[in-house]
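Please look through the sequence and the model below, and then follow the explanation paragraph by paragraph with the structure at hand.

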Amino acid sequence: MPRKQKSGKYKLKTHKATAKRFKMTGTGKIVRTKGGKSHRRRMSAKRVRRQWDKTMQVGEKAMQRRIRRLAPYLGKYKANPPA
């Protein structure tokens with residue numbers, strides 16, 4: 001008896017470091033947090049410290065393609081789905 005053929009594509013593995021660093025907005029933009037927040041923050045101005053808390057959009061098309069390839073299910077699921 002012949003085996004049953006599986007339909008559909010293969011599951012892709014997510015690059016977990018990429019998935020932790022980037023988020024996708026509701027409109028499909030990829031955003032990231034700003035770097036340089038770990039130490040020596042005291043000597044910076046308050047305004048600059050506030051700016052570090054905001055997220056930035058990933059601008060380069062090549063970088064967006066690379067992120068989408070590394071984390072194919074980035075915008076598909078929420079970070080904390082309802083139980």
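Tyr77 is exposed, because its relative accessible area of 60% lies over the 50% that marks an exposed residue. In this model, which is predicted, Tyr77 belongs to the segment after helix 3, the helix that covers residues 61-70. Together with Leu12 and Tyr73, Tyr77 makes a nonpolar surface patch of about 340 Å².

From this patch the reader may turn to the sheet. Three strands form an open sheet, arranged in the order 1-2-3 and paired in the antiparallel sense. Strand 1, made of residues 22-24, and strand 3, made of residues 55-57, stand at the edges with a single partner strand each, and therefore one side of each is left without a neighbour in the sheet. Neighbouring strands of this sheet are turned against each other by 35 degrees on average, if direction is ignored. Which residue in strand 2 is the bridge partner of Met24? That partner is Ile30.

Most residues other than glycine have a negative phi. Arg40, although it is not a glycine, has a positive phi of about 60 degrees. With a relative accessibility of 59%, Arg40 counts as exposed, because this value is over 50%.

Arg41 lies in this loop between strand 2 and helix 2 as well, and it takes part in the one salt bridge that the structure holds. The partner of Arg41 is Asp53, and the closest N and O atoms of the two are 3.4 Å apart, which means that the pair falls within the 4 Å required of a salt bridge. Asp53 sits in the loop between helix 2, which covers residues 46-52, and strand 3, so that the pair, twelve residues apart, links distant parts of the chain. How far are these two residues covered, given that each may be buried, partly exposed or exposed? Arg41 is partly exposed, with a relative accessible area of 26%, whereas Asp53 is exposed, with a relative accessible area of 55%.

Conventions:
Residues numbered from 1 in each chain as written. Predicted model: local features only at pLDDT ≥ 70, side-chain atom pairs only at ≥ 80, totals over all residues. Heavy atoms only, no water. Pairing = 2+ DSSP bridges. Helix = DSSP H or I, 4+ residues; strand = E, 2+ residues; numbered from the N terminus. Axes fitted to C-alpha atoms, helices over the stretch in contact; angles between N-to-C directions. Salt bridge = Lys/Arg side-chain N within 4 Å of Asp/Glu carboxyl O. Buried < 20%, exposed > 50% of the residue type's maximum accessible area, 1.4 Å probe, protein only. Patch = residues over 30% accessible without salt bridge, like charges linked within 9 Å, V, L, I, M, F, W, Y side chains within 5 Å. Areas by Shrake-Rupley, 256 points an atom, 1.4 Å probe, with all protein chains shown as cover.
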